[in-house]
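Have the structure open while you read.

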Amino acid sequence: MASPLVVVSNRGPLAFELDDGELRTKKAGGGLATVMGGAVQGTAATWVAGALSDADRRAAERGMVEAEGFHVELLTLDPADYASYYDVISNATLWFLHHGLWDTPRRPRFDRAWWQAWDGYRRVNRAFAERVAGCAPAGAQVLVQDYHLCLVGEHLCDLRPDLSVVHFHHTPFASPTEWRMLPAAVGNELLNGLTAYTACGFHNQRWANAFEATARDAGVTPPPTFVSPATADAADIEKVAASAPCDDALDRLDRLVGDRKLIVRVDRIELSKNIVRGFLAYDDLLRTRPEWRERVVFGAFVYPSREGLAEYQAYRQEVEGVIDRINAEWSTPGWTPILYDAQDDFPRSVAALRRFDVLLVNPVRDGLNLVAKEGMIVNERDGVLALSRESGVFAELGDVALEVHPFDVVGTSDALHRGLSMTDDERRTHFTRAHERVLQRTGADWLADQMNAAAQ
Ligand code: G6P
(Lines give C-alpha, C1' and ligand atoms only; values in the text may rest on other atoms or scores of the structure.)
Protein backbone atom coordinates (compact mmCIF):
# COMPACT_ATOMS: atom_id res chain seq x y z
CA MET A 1 0.00 0.00 0.00
CA ALA A 2 1.21 3.54 -0.78
CA SER A 3 2.54 5.53 2.18
CA PRO A 4 0.45 8.44 3.40
CA LEU A 5 1.55 11.77 1.95
CA VAL A 6 2.22 15.16 3.53
CA VAL A 7 3.11 18.23 1.46
CA VAL A 8 4.74 21.21 3.16
CA SER A 9 5.11 24.67 1.63
CA ASN A 10 5.08 28.27 2.71
CA ARG A 11 2.10 29.15 0.49
CA GLY A 12 -0.61 26.53 0.39
CA PRO A 13 -3.14 25.68 -2.30
CA LEU A 14 -5.97 27.72 -0.79
CA ALA A 15 -6.14 31.33 0.27
CA PHE A 16 -9.02 32.66 2.33
CA GLU A 17 -10.93 35.92 2.08
CA LEU A 18 -13.57 37.47 4.27
CA ASP A 19 -16.79 38.20 2.42
CA ASP A 20 -19.40 39.91 4.63
CA GLY A 21 -17.86 38.26 7.67
CA GLU A 22 -17.97 34.82 5.99
CA LEU A 23 -14.76 32.95 5.23
CA ARG A 24 -14.46 31.89 1.61
CA THR A 25 -11.70 30.04 -0.18
CA LYS A 26 -10.02 31.22 -3.34
CA LYS A 27 -7.23 29.67 -5.35
CA ALA A 28 -3.85 30.72 -4.00
CA GLY A 29 -1.50 32.62 -6.29
CA GLY A 30 1.96 31.52 -7.33
CA GLY A 31 3.50 28.85 -9.48
CA LEU A 32 4.18 26.42 -6.68
CA ALA A 33 0.52 26.11 -5.67
CA THR A 34 -0.46 25.72 -9.35
CA VAL A 35 2.02 22.94 -10.00
CA MET A 36 1.60 21.06 -6.78
CA GLY A 37 -2.12 21.75 -6.40
CA GLY A 38 -3.14 20.00 -9.60
CA ALA A 39 -1.24 16.88 -8.61
CA VAL A 40 -2.45 16.75 -4.99
CA GLN A 41 -6.07 17.89 -5.33
CA GLY A 42 -8.52 15.07 -4.64
CA THR A 43 -5.94 12.86 -2.93
CA ALA A 44 -5.85 12.05 0.80
CA ALA A 45 -2.61 14.05 1.25
CA THR A 46 -2.33 16.54 4.09
CA TRP A 47 -0.88 19.92 3.12
CA VAL A 48 0.86 21.98 5.81
CA ALA A 49 1.19 25.67 4.87
CA GLY A 50 1.57 29.07 6.46
CA ALA A 51 -1.48 31.21 7.32
CA LEU A 52 -0.53 34.26 5.26
CA SER A 53 -3.43 36.70 5.76
CA ASP A 54 -5.90 37.66 8.49
CA ALA A 55 -8.54 35.53 6.79
CA ASP A 56 -6.12 32.58 6.64
CA ARG A 57 -5.45 32.98 10.37
CA ARG A 58 -9.19 32.99 11.08
CA ALA A 59 -9.50 29.78 9.05
CA ALA A 60 -6.54 28.30 10.95
CA GLU A 61 -8.39 28.77 14.24
CA ARG A 62 -10.92 26.19 13.03
CA GLY A 63 -8.28 23.48 12.69
CA MET A 64 -7.75 21.37 9.57
CA VAL A 65 -9.41 22.99 6.55
CA GLU A 66 -11.14 20.65 4.09
CA ALA A 67 -12.04 22.43 0.86
CA GLU A 68 -11.84 22.00 -2.90
CA GLY A 69 -10.30 18.55 -2.60
CA PHE A 70 -7.52 19.66 -0.22
CA HIS A 71 -6.82 18.88 3.45
CA VAL A 72 -4.86 21.86 4.68
CA GLU A 73 -3.23 22.44 8.06
CA LEU A 74 -2.62 26.19 8.29
CA LEU A 75 0.17 27.28 10.57
CA THR A 76 -0.15 30.63 12.31
CA LEU A 77 3.25 32.18 12.95
CA ASP A 78 4.52 35.09 14.97
CA PRO A 79 4.20 38.08 12.56
CA ALA A 80 7.70 39.43 13.25
CA ASP A 81 9.26 36.00 12.76
CA TYR A 82 7.23 35.51 9.61
CA ALA A 83 8.46 38.83 8.14
CA SER A 84 12.05 37.86 8.98
CA TYR A 85 11.71 34.42 7.44
CA TYR A 86 9.71 35.40 4.34
CA ASP A 87 10.84 38.92 3.39
CA VAL A 88 14.39 39.12 4.69
CA ILE A 89 15.77 35.60 4.40
CA SER A 90 13.63 33.75 1.84
CA ASN A 91 12.98 36.56 -0.62
CA ALA A 92 15.64 39.23 -0.11
CA THR A 93 18.45 36.75 0.56
CA LEU A 94 17.92 33.21 -0.77
CA TRP A 95 15.84 34.20 -3.81
CA PHE A 96 18.38 36.84 -4.81
CA LEU A 97 21.28 34.44 -4.19
CA HIS A 98 19.87 31.57 -6.26
CA HIS A 99 18.85 33.84 -9.16
CA GLY A 100 22.07 35.89 -9.18
CA LEU A 101 20.18 39.17 -8.60
CA TRP A 102 22.40 41.07 -6.21
CA ASP A 103 23.84 44.43 -7.16
CA THR A 104 26.99 43.50 -5.25
CA PRO A 105 28.51 46.92 -4.54
CA ARG A 106 25.41 47.53 -2.40
CA ARG A 107 23.82 44.20 -1.44
CA PRO A 108 23.82 41.90 0.44
CA ARG A 109 24.51 43.42 3.85
CA PHE A 110 24.56 41.05 6.75
CA ASP A 111 23.99 43.64 9.45
CA ARG A 112 22.55 43.06 12.93
CA ALA A 113 18.97 43.30 11.71
CA TRP A 114 19.75 40.60 9.15
CA TRP A 115 21.25 38.29 11.78
CA GLN A 116 18.11 38.70 13.88
CA ALA A 117 16.04 37.82 10.82
CA TRP A 118 18.12 34.68 10.37
CA ASP A 119 17.03 33.56 13.83
CA GLY A 120 13.43 34.18 12.72
CA TYR A 121 13.99 31.91 9.70
CA ARG A 122 15.26 29.18 11.99
CA ARG A 123 12.29 29.53 14.34
CA VAL A 124 9.75 29.39 11.53
CA ASN A 125 11.41 26.29 10.06
CA ARG A 126 11.26 24.71 13.50
CA ALA A 127 7.55 25.62 13.81
CA PHE A 128 6.78 24.02 10.44
CA ALA A 129 8.65 20.87 11.49
CA GLU A 130 6.75 20.68 14.78
CA ARG A 131 3.41 21.00 13.02
CA VAL A 132 4.34 18.27 10.54
CA ALA A 133 5.59 16.08 13.39
CA GLY A 134 2.22 16.57 15.10
CA CYS A 135 0.02 15.68 12.13
CA ALA A 136 1.94 13.29 9.83
CA PRO A 137 0.61 9.71 9.85
CA ALA A 138 3.11 7.01 10.86
CA GLY A 139 5.62 6.24 8.11
CA ALA A 140 4.39 9.10 5.88
CA GLN A 141 6.30 10.49 2.96
CA VAL A 142 6.80 14.23 3.48
CA LEU A 143 7.49 16.48 0.48
CA VAL A 144 8.93 19.82 1.62
CA GLN A 145 8.89 22.58 -1.02
CA ASP A 146 11.39 25.32 -1.66
CA TYR A 147 14.05 27.60 -0.17
CA HIS A 148 11.76 28.83 2.60
CA LEU A 149 12.02 25.48 4.37
CA CYS A 150 15.61 24.23 4.08
CA LEU A 151 15.86 23.37 7.80
CA VAL A 152 12.62 21.42 8.26
CA GLY A 153 14.16 18.06 7.34
CA GLU A 154 16.79 18.01 10.07
CA HIS A 155 14.24 18.83 12.77
CA LEU A 156 11.99 16.05 11.49
CA CYS A 157 14.88 13.59 11.64
CA ASP A 158 14.94 14.23 15.40
CA LEU A 159 11.23 14.59 16.00
CA ARG A 160 9.88 11.86 13.73
CA PRO A 161 12.53 9.43 12.46
CA ASP A 162 9.75 7.23 11.03
CA LEU A 163 9.05 9.80 8.27
CA SER A 164 10.74 9.86 4.90
CA VAL A 165 11.35 13.50 4.00
CA VAL A 166 12.29 14.89 0.57
CA HIS A 167 13.06 18.48 -0.39
CA PHE A 168 12.22 20.05 -3.74
CA HIS A 169 13.82 23.36 -4.78
CA HIS A 170 11.72 25.26 -7.35
CA THR A 171 14.48 27.78 -7.96
CA PRO A 172 17.89 27.48 -9.56
CA PHE A 173 20.70 26.80 -7.10
CA ALA A 174 23.64 29.17 -6.48
CA SER A 175 27.08 28.22 -7.79
CA PRO A 176 29.90 27.65 -5.26
CA THR A 177 31.23 31.17 -5.86
CA GLU A 178 27.81 32.75 -5.38
CA TRP A 179 27.15 30.66 -2.27
CA ARG A 180 30.36 32.01 -0.70
CA MET A 181 28.59 35.36 -0.44
CA LEU A 182 26.57 33.99 2.48
CA PRO A 183 28.23 34.10 5.89
CA ALA A 184 29.96 30.70 6.14
CA ALA A 185 28.07 29.62 9.25
CA VAL A 186 24.72 30.34 7.59
CA GLY A 187 25.71 28.68 4.31
CA ASN A 188 26.83 25.58 6.17
CA GLU A 189 23.71 25.45 8.32
CA LEU A 190 21.52 25.59 5.21
CA LEU A 191 23.58 22.94 3.39
CA ASN A 192 23.65 20.67 6.42
CA GLY A 193 19.90 21.18 6.70
CA LEU A 194 19.47 20.03 3.11
CA THR A 195 21.68 16.97 3.62
CA ALA A 196 19.27 15.78 6.30
CA TYR A 197 16.67 15.10 3.60
CA THR A 198 16.40 11.66 2.01
CA ALA A 199 16.89 13.40 -1.34
CA CYS A 200 16.79 16.88 -2.91
CA GLY A 201 14.94 17.50 -6.18
CA PHE A 202 15.32 20.16 -8.88
CA HIS A 203 13.57 21.08 -12.14
CA ASN A 204 16.79 20.98 -14.16
CA GLN A 205 20.08 19.06 -14.08
CA ARG A 206 22.05 22.32 -13.99
CA TRP A 207 20.54 23.27 -10.64
CA ALA A 208 21.15 19.79 -9.20
CA ASN A 209 24.78 19.97 -10.37
CA ALA A 210 25.18 23.44 -8.83
CA PHE A 211 23.79 22.20 -5.51
CA GLU A 212 26.17 19.25 -5.42
CA ALA A 213 29.17 21.40 -6.38
CA THR A 214 28.24 24.05 -3.80
CA ALA A 215 27.87 21.47 -1.05
CA ARG A 216 31.24 19.86 -1.89
CA ASP A 217 32.92 23.27 -2.05
CA ALA A 218 31.70 23.88 1.50
CA GLY A 219 32.99 20.48 2.64
CA VAL A 220 29.48 19.01 2.92
CA THR A 221 28.60 15.67 1.31
CA PRO A 222 25.40 16.26 -0.67
CA PRO A 223 22.41 13.94 -0.27
CA PRO A 224 21.11 12.05 -3.32
CA THR A 225 19.59 14.45 -5.87
CA PHE A 226 16.96 13.90 -8.55
CA VAL A 227 15.76 15.96 -11.51
CA SER A 228 12.07 16.19 -12.27
CA PRO A 229 10.70 19.14 -14.22
CA ALA A 230 7.21 20.11 -13.12
CA THR A 231 4.52 20.85 -15.63
CA ALA A 232 1.40 22.92 -15.96
CA ASP A 233 -1.83 21.01 -15.39
CA ALA A 234 -3.23 20.86 -18.94
CA ALA A 235 -6.81 20.05 -17.87
CA ASP A 236 -6.80 22.93 -15.41
CA ILE A 237 -5.55 25.56 -17.81
CA GLU A 238 -7.74 24.30 -20.65
CA LYS A 239 -10.74 24.70 -18.33
CA VAL A 240 -9.79 28.33 -17.69
CA ALA A 241 -9.19 28.85 -21.43
CA ALA A 242 -12.73 27.60 -22.15
CA SER A 243 -14.36 29.83 -19.50
CA ALA A 244 -16.57 32.86 -20.15
CA PRO A 245 -14.24 35.36 -18.34
CA CYS A 246 -11.38 34.17 -20.56
CA ASP A 247 -13.49 34.51 -23.73
CA ASP A 248 -14.51 38.04 -22.69
CA ALA A 249 -10.89 38.98 -22.05
CA LEU A 250 -9.91 37.58 -25.44
CA ASP A 251 -12.62 39.68 -27.15
CA ARG A 252 -11.29 42.79 -25.45
CA LEU A 253 -7.73 41.94 -26.45
CA ASP A 254 -8.78 41.22 -30.05
CA ARG A 255 -10.41 44.61 -30.29
CA LEU A 256 -7.26 46.33 -29.03
CA VAL A 257 -4.82 44.38 -31.21
CA GLY A 258 -6.91 44.16 -34.38
CA ASP A 259 -5.02 42.54 -37.25
CA ARG A 260 -1.61 43.40 -35.84
CA LYS A 261 0.86 40.80 -34.59
CA LEU A 262 0.98 40.30 -30.82
CA ILE A 263 4.01 39.73 -28.61
CA VAL A 264 2.98 38.67 -25.09
CA ARG A 265 4.65 38.29 -21.73
CA VAL A 266 2.89 37.00 -18.60
CA ASP A 267 4.92 37.36 -15.42
CA ARG A 268 4.97 38.48 -11.85
CA ILE A 269 6.67 41.88 -11.59
CA GLU A 270 9.85 40.18 -10.50
CA LEU A 271 13.49 41.10 -10.97
CA SER A 272 14.48 37.67 -12.24
CA LYS A 273 11.95 37.89 -15.08
CA ASN A 274 14.03 40.48 -16.95
CA ILE A 275 11.06 42.61 -17.92
CA VAL A 276 13.04 45.79 -18.58
CA ARG A 277 15.47 44.18 -21.07
CA GLY A 278 12.48 42.61 -22.84
CA PHE A 279 11.09 46.10 -23.48
CA LEU A 280 14.52 47.43 -24.49
CA ALA A 281 14.65 44.62 -27.08
CA TYR A 282 11.22 45.66 -28.37
CA ASP A 283 12.40 49.27 -28.51
CA ASP A 284 15.40 48.10 -30.56
CA LEU A 285 13.06 46.17 -32.88
CA LEU A 286 10.93 49.26 -33.54
CA ARG A 287 14.03 51.41 -34.02
CA THR A 288 15.97 49.12 -36.35
CA ARG A 289 13.12 47.46 -38.28
CA PRO A 290 10.69 50.23 -39.09
CA GLU A 291 8.46 47.78 -40.98
CA TRP A 292 7.12 46.63 -37.60
CA ARG A 293 5.96 50.06 -36.47
CA GLU A 294 2.15 50.06 -36.18
CA ARG A 295 2.11 46.38 -37.18
CA VAL A 296 2.82 44.84 -33.80
CA VAL A 297 1.65 45.25 -30.20
CA PHE A 298 3.47 44.06 -27.08
CA GLY A 299 0.95 42.93 -24.43
CA ALA A 300 2.58 42.92 -21.01
CA PHE A 301 0.34 41.09 -18.53
CA VAL A 302 2.40 41.43 -15.41
CA TYR A 303 1.16 41.55 -11.87
CA PRO A 304 2.59 42.82 -8.59
CA SER A 305 4.50 40.46 -6.31
CA ARG A 306 6.30 40.66 -2.95
CA GLU A 307 5.48 44.34 -2.60
CA GLY A 308 6.86 44.33 0.94
CA LEU A 309 10.36 44.50 -0.58
CA ALA A 310 11.78 47.87 -1.66
CA GLU A 311 13.62 46.18 -4.55
CA TYR A 312 10.32 45.00 -6.05
CA GLN A 313 8.68 48.41 -5.69
CA ALA A 314 11.68 50.07 -7.36
CA TYR A 315 11.66 47.47 -10.14
CA ARG A 316 7.99 48.11 -10.83
CA GLN A 317 8.73 51.82 -11.19
CA GLU A 318 11.56 51.04 -13.57
CA VAL A 319 9.31 48.76 -15.66
CA GLU A 320 6.60 51.41 -15.85
CA GLY A 321 9.14 54.13 -16.68
CA VAL A 322 10.49 52.15 -19.65
CA ILE A 323 6.96 51.44 -20.90
CA ASP A 324 6.06 55.14 -20.68
CA ARG A 325 9.20 56.13 -22.56
CA ILE A 326 8.67 53.60 -25.36
CA ASN A 327 5.01 54.43 -25.73
CA ALA A 328 5.79 58.17 -25.74
CA GLU A 329 8.44 57.69 -28.41
CA TRP A 330 6.65 55.36 -30.85
CA SER A 331 2.88 55.73 -30.40
CA THR A 332 0.90 57.05 -33.37
CA PRO A 333 -2.80 57.91 -33.51
CA GLY A 334 -4.57 54.56 -33.21
CA TRP A 335 -1.47 52.56 -32.17
CA THR A 336 0.00 52.12 -28.70
CA PRO A 337 3.10 49.89 -28.94
CA ILE A 338 2.87 48.42 -25.40
CA LEU A 339 -0.36 47.38 -23.72
CA TYR A 340 0.44 47.29 -20.01
CA ASP A 341 -1.95 45.51 -17.66
CA ALA A 342 -0.87 45.00 -14.04
CA GLN A 343 -4.04 43.30 -12.73
CA ASP A 344 -3.65 39.87 -11.17
CA ASP A 345 -6.31 38.34 -13.43
CA PHE A 346 -5.65 34.73 -14.45
CA PRO A 347 -8.42 34.37 -17.11
CA ARG A 348 -7.06 37.53 -18.79
CA SER A 349 -3.50 36.12 -18.73
CA VAL A 350 -4.77 32.87 -20.27
CA ALA A 351 -6.59 34.89 -22.95
CA ALA A 352 -3.25 36.52 -23.83
CA LEU A 353 -1.64 33.08 -24.00
CA ARG A 354 -4.36 31.92 -26.41
CA ARG A 355 -3.76 34.93 -28.67
CA PHE A 356 0.02 35.56 -28.88
CA ASP A 357 2.09 35.32 -32.05
CA VAL A 358 5.32 35.42 -30.04
CA LEU A 359 5.59 34.62 -26.33
CA LEU A 360 8.63 36.26 -24.74
CA VAL A 361 10.01 34.33 -21.74
CA ASN A 362 13.44 35.85 -21.09
CA PRO A 363 14.29 35.45 -17.37
CA VAL A 364 17.85 36.12 -16.22
CA ARG A 365 17.57 32.78 -14.43
CA ASP A 366 14.52 30.71 -13.56
CA GLY A 367 14.05 27.37 -11.79
CA LEU A 368 11.59 26.20 -14.47
CA ASN A 369 9.08 28.74 -15.90
CA LEU A 370 5.54 27.51 -16.13
CA VAL A 371 4.28 30.28 -18.40
CA ALA A 372 6.33 28.84 -21.27
CA LYS A 373 4.52 25.52 -20.85
CA GLU A 374 1.08 27.06 -20.31
CA GLY A 375 1.48 29.14 -23.47
CA MET A 376 2.39 26.08 -25.52
CA ILE A 377 -0.71 24.29 -24.20
CA VAL A 378 -3.42 26.89 -24.87
CA ASN A 379 -2.21 29.04 -27.77
CA GLU A 380 -4.61 29.04 -30.73
CA ARG A 381 -2.48 30.73 -33.41
CA ASP A 382 0.57 28.48 -33.76
CA GLY A 383 2.42 30.99 -31.60
CA VAL A 384 6.21 30.96 -31.30
CA LEU A 385 8.14 30.76 -28.02
CA ALA A 386 11.18 33.02 -27.53
CA LEU A 387 12.84 31.37 -24.54
CA SER A 388 15.74 32.25 -22.28
CA ARG A 389 18.52 29.71 -22.23
CA GLU A 390 18.79 30.40 -18.48
CA SER A 391 15.29 29.10 -17.69
CA GLY A 392 15.00 25.57 -16.32
CA VAL A 393 12.41 24.72 -18.96
CA PHE A 394 14.99 25.38 -21.70
CA ALA A 395 16.23 21.80 -21.22
CA GLU A 396 12.80 20.57 -22.35
CA LEU A 397 11.76 23.20 -24.90
CA GLY A 398 14.99 24.85 -26.03
CA ASP A 399 15.16 22.93 -29.30
CA VAL A 400 11.59 23.87 -30.24
CA ALA A 401 11.91 27.54 -29.22
CA LEU A 402 13.83 30.60 -30.39
CA GLU A 403 16.77 30.86 -28.03
CA VAL A 404 17.13 34.10 -26.13
CA HIS A 405 20.27 35.15 -24.25
CA PRO A 406 18.68 37.15 -21.45
CA PHE A 407 21.36 39.84 -21.28
CA ASP A 408 21.63 40.31 -25.06
CA VAL A 409 19.13 43.03 -25.95
CA VAL A 410 20.04 43.00 -29.66
CA GLY A 411 19.87 39.19 -29.80
CA THR A 412 16.44 39.32 -28.14
CA SER A 413 15.29 41.93 -30.66
CA ASP A 414 16.48 39.59 -33.45
CA ALA A 415 14.57 36.68 -31.88
CA LEU A 416 11.40 38.79 -31.75
CA HIS A 417 11.86 39.71 -35.41
CA ARG A 418 12.46 36.09 -36.35
CA GLY A 419 9.37 34.94 -34.45
CA LEU A 420 7.18 37.62 -35.99
CA SER A 421 8.48 36.85 -39.50
CA MET A 422 8.02 33.06 -39.56
CA THR A 423 5.86 31.61 -42.30
CA ASP A 424 2.63 29.86 -41.35
CA ASP A 425 4.26 26.49 -42.05
CA GLU A 426 7.24 27.26 -39.85
CA ARG A 427 4.95 28.44 -37.06
CA ARG A 428 2.82 25.31 -37.27
CA THR A 429 5.83 22.97 -37.15
CA HIS A 430 7.37 24.85 -34.27
CA PHE A 431 4.16 25.08 -32.27
CA THR A 432 3.06 21.49 -32.82
CA ARG A 433 6.38 20.11 -31.64
CA ALA A 434 6.39 22.31 -28.54
CA HIS A 435 2.73 21.56 -27.80
CA GLU A 436 3.25 17.80 -28.03
CA ARG A 437 6.39 18.01 -25.92
CA VAL A 438 4.64 19.86 -23.11
CA LEU A 439 1.79 17.37 -22.99
CA GLN A 440 4.18 14.43 -22.55
CA ARG A 441 4.48 14.98 -18.81
CA THR A 442 1.75 15.40 -16.22
CA GLY A 443 1.64 16.80 -12.71
CA ALA A 444 1.11 13.24 -11.49
CA ASP A 445 4.48 12.22 -13.05
CA TRP A 446 6.19 14.99 -11.15
CA LEU A 447 4.54 14.06 -7.86
CA ALA A 448 5.41 10.39 -8.43
CA ASP A 449 9.10 11.33 -8.91
CA GLN A 450 9.13 12.98 -5.50
CA MET A 451 7.41 10.03 -3.88
CA ASN A 452 9.84 7.61 -5.51
CA ALA A 453 12.74 9.69 -4.20
CA ALA A 454 11.20 9.53 -0.72
CA ALA A 455 10.86 5.75 -1.00
CA GLN A 456 14.60 5.19 -1.70
C1 G6P B 1 7.52 31.27 -7.65
C2 G6P B 1 8.70 30.37 -7.56
C3 G6P B 1 8.57 29.39 -6.42
C4 G6P B 1 8.19 30.09 -5.15
C5 G6P B 1 7.03 30.98 -5.34
C6 G6P B 1 6.78 31.79 -4.09
O7 G6P B 1 6.39 30.58 -8.06
O8 G6P B 1 8.89 29.67 -8.75
O9 G6P B 1 9.84 28.81 -6.28
O10 G6P B 1 7.91 29.18 -4.11
O11 G6P B 1 7.30 31.87 -6.40
O12 G6P B 1 6.01 32.86 -4.38
P13 G6P B 1 5.44 33.77 -3.24
O14 G6P B 1 4.50 34.69 -3.94
O15 G6P B 1 4.73 32.84 -2.30
O16 G6P B 1 6.59 34.48 -2.62
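On a 1 Å grid over the protein atoms alone, a cavity is a set of points where a 1.4 Å probe fits but cannot get out, while a pocket is an open set with protein on both sides within 12 Å along at least five of seven lines; lining residues have an atom within 4 Å of a point. Grid points are joined across faces, edges and corners, and a volume is the space filled by probe spheres set on the points. Searching the whole structure that way turns up 1 cavity of 30 Å³ or more.

Bear in mind that this is a predicted model: local features need pLDDT of at least 70, side-chain atom pairs count only at pLDDT 80 or more, and totals for chains, interfaces and linings use all residues. Residues are numbered from 1 along each chain as its sequence is written, and side-chain values use heavy atoms, with hydrogens and water left out.

**The cavity**

- The largest cavity holds about 60 Å³ of space.
- Its lining is made up of K27, T34, A232, D233, D236, I237, F346 and E374.
- Sorted by class, that lining has 3 nonpolar, 1 polar and 4 charged residues (Ala, Val, Leu, Ile, Met, Phe, Trp, Tyr, Cys and Pro count as nonpolar, Asp, Glu, Lys and Arg as charged, and the others, Gly among them, as polar).

**The second largest pocket**

- There's about 440 Å³ of space in the second largest pocket.
- Of the 17 residues lining this pocket, L101, D103, L271, Y315 and E318 lie nearest its centre.
- Why does the second largest pocket lie between domain 1 (5-231 + 445-455) and domain 2 (234-438)? Both domains give residues to its lining, so it sits between them; the domain bounds come from an automatic or database domain assignment.
- Helix 12 (310-330) and helix 11 (275-288) each supply at least two lining residues, and the largest share, 4 residues, comes from helix 12. Helices (H or I, at least four residues) and strands (E, at least two) are DSSP runs, numbered from the N terminus.
- The class count for this lining is 9 nonpolar, 2 polar and 6 charged residues.

**The ligand**

- Around the ligand you'll find R11, G31, L32, Y86, W95, D146, Y147, H148, H170, T171, R268 and R306, each with a heavy atom within 4 Å of it.
- Helix 1 (31-40) and helix 3 (79-99) each give at least two residues to this shell.
- The shell splits into 4 nonpolar, 4 polar and 4 charged residues.
- An oxygen atom of the ligand is 2.5 Å from a side-chain N or O atom of Y86; the corresponding distance is 2.6 Å for D146 and 3.0 Å for R306. A polar contact here is a pair of N or O atoms within 3.5 Å.
- The protein covers 87% of the 390 Å² of accessible area that the ligand has on its own (Shrake-Rupley method, 1.4 Å probe).

- R107 and P108 are joined by a cis peptide bond, with omega about 5 degrees; P108 is in the loop between helix 3 and helix 4 (112-135).
- N274, a residue other than glycine, has a positive phi near 65 degrees, and its place is in the loop between strand 11 (261-268) and helix 11.

Notes
Polar contact = N/O pair within 3.5 Å; in protein donor to acceptor, adjacent residues only side chain to side chain.
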